[in-house]
Each structure stands twice: as structure tokens, then as C-alpha cells.
Amino acid sequence: MEEDSIRAINSKQKGKNGELELVHKLKEYGYDCRRTNQFCGNTGEADDVLGLDYIHIECKRVEKLNIDTAIEQAVRDTKDNKFPTVFHRKNRKDWLVTMRLDDWIKLYNEYFSSMKLIERSTGNGTNTQIKRSFNITYD
């Protein structure tokens, strides 16, 4: 029994560390994010990380992730017209974001519309102008 409680503490600590890691990563992109103290389940603020408007963040920092269960949790916990997302990362891998296709299409449609407006306003702007407008960099 004691081994189970140690494992639960380690799991909570790893979850907290993953959330803090994600907060720091999002701050590198210029977003004022913070980790929440969620112990409220479906009754209060259930996001793991706050700071991206309209995005519910479920953060998972594990080697073996059941993505279906994780996205179901994100959908179940999402409130206030937010997009349910799972931000996840394995050791020595990049952060990934998983979301439902319908939600991704909504985001893409907004991005696409914005790009078309920029192209029109800049006289069929160049890729450099568009990248500058959206602060896009490619590694």
C-alpha cells in the first residue's frame, strides 16, 4: 500500500513538473501563462495551464499516453467556449498538441481568413510580410 502512495506522489510531482515546463515553453513564445491549482474536477477551473485565450489545456508529460482518454478528459473538463486540447511530450521529444479535427478546422479557418486579409492589404503580400505579421519563424 505504501508503494502505491509513493507512486501517486511521484506521478503528481511529474505532472506538476510537466505543467511548469509547458508554462515556461509558452512564455518563450510570449504568452503570460501559469499553472493552475486544480483539484476541482468538473466543478471549477479544470485547465492545467491558463494563459491561452479560448484554449483548454490538458497537459501530459508521460512516455506512454492514452491520447483517447486524454482528449476525452479535455473535452469533459472544457468550459466557456474553449477548444479542448492535450499538450503532451515524451522525454527528448518536442511538445505536441492534439485536438479534435472539427476544432482544428475552426482554428485553421480563422488563420486562413487572416492570411487572406493580410495578402489583400499588402497587395498580395510576400511570404516575408506574412511571416512578419504573424511572427512566424521556421527552425
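**View 1. Salt bridges across the whole structure.** A search of the whole structure finds eight salt bridges, a salt bridge being a side-chain nitrogen of Lys or Arg within 4 Å of a carboxyl oxygen of Asp or Glu. Side chains of opposite charge can pair when their charged atoms come close. This is a predicted model, in which local features need pLDDT of at least 70 and side-chain atom pairs count only at pLDDT 80 or more, while totals for chains, interfaces and linings use all residues. Residues are numbered from 1 along each chain as its sequence is written, and side-chain values use heavy atoms, with hydrogens and water left out.

**View 2. The fold of the chain.** The chain contains four helices and five strands, where helices (H or I, at least four residues) and strands (E, at least two) are DSSP runs, numbered from the N terminus. Followed along the sequence, these elements give the pattern α-β-β-β-α-β-β-α-α. Of the 139 residues of the chain, 28% count as buried, and here buried means under 20% relative accessible area, exposed means over 50%, and partly exposed lies in between (1.4 Å probe, protein chains only).

**View 3. The salt bridge between D47 and K82.** In this pair, the closest N and O atoms of D47 and K82 are 3.2 Å apart. D47 lies in the loop between strand 1 (34-35) and strand 2 (49-50) and K82 in the loop between helix 2 (67-77) and strand 4 (83-88), so the pair ties together parts that are 35 residues apart in sequence. Although D47 takes part in a salt bridge, D47 counts as buried, at 3% relative accessibility.

**View 4. The salt bridge between K60 and E58.** The side chains of K60 and E58 meet at 3.6 Å, N to O. Is E58 buried or exposed? With a relative accessibility of 2%, E58 counts as buried.

View 5. E119 forms a salt bridge with K116, and their closest N and O atoms are 3.5 Å apart. The two residues, E119 and K116, are three residues apart in helix 3, and so about one helical turn separates them. An α-helix has 3.6 residues a turn, so residues three or four places apart point the same way. E119 is partly exposed, with a relative accessible area of 23%, and K116 also counts as partly exposed, at 31%. Apart from this pair, salt bridges that share partners join E21, R61 and R89 into one network.

View 6. Helix 3 (residues 101-121) has 21 residues and reaches 30 Å from its first C-alpha to its last, close to the 30 Å expected at 1.5 Å a residue, the expected span being 1.5 Å times one less than the number of residues. Which residues of helix 3 are buried? They are D103, M115 and I118. These residues cover an arc of only 105 degrees around the axis, which puts them on the same side of helix 3; the arc is that of the directions from the helix axis to the C-beta atoms. On the other side of helix 3, L101, D102, L117 and R120 are exposed. Just after helix 3, G123 takes a positive phi of about 65 degrees.

**View 7. A nonpolar patch on the surface.** The patch is formed by L101, W104, I105, Y108, Y111 and F112, which together have about 590 Å² of accessible area. Patches are made of residues with over 30% relative accessible area and no salt bridge, with like charges joined within 9 Å and nonpolar side chains (Val, Leu, Ile, Met, Phe, Trp, Tyr) within 5 Å. Accessible areas come from the Shrake-Rupley method with a 1.4 Å probe, and for residues only the protein chains shown count as cover. F112, one of the patch residues, is found in helix 3 and counts as partly exposed, at 40% relative accessibility.

**View 8. Two loop residues with positive phi.** Y54 has a positive phi of about 70 degrees although it is not a glycine, and Y54 is found in the loop between strand 2 and strand 3 (55-60). At 57% relative accessibility, Y54 counts as exposed. R92, which is not a glycine either, has a positive phi of about 60 degrees; R92 is located in the loop between strand 4 and strand 5 (96-99), and at 78% relative accessibility R92 counts as exposed.
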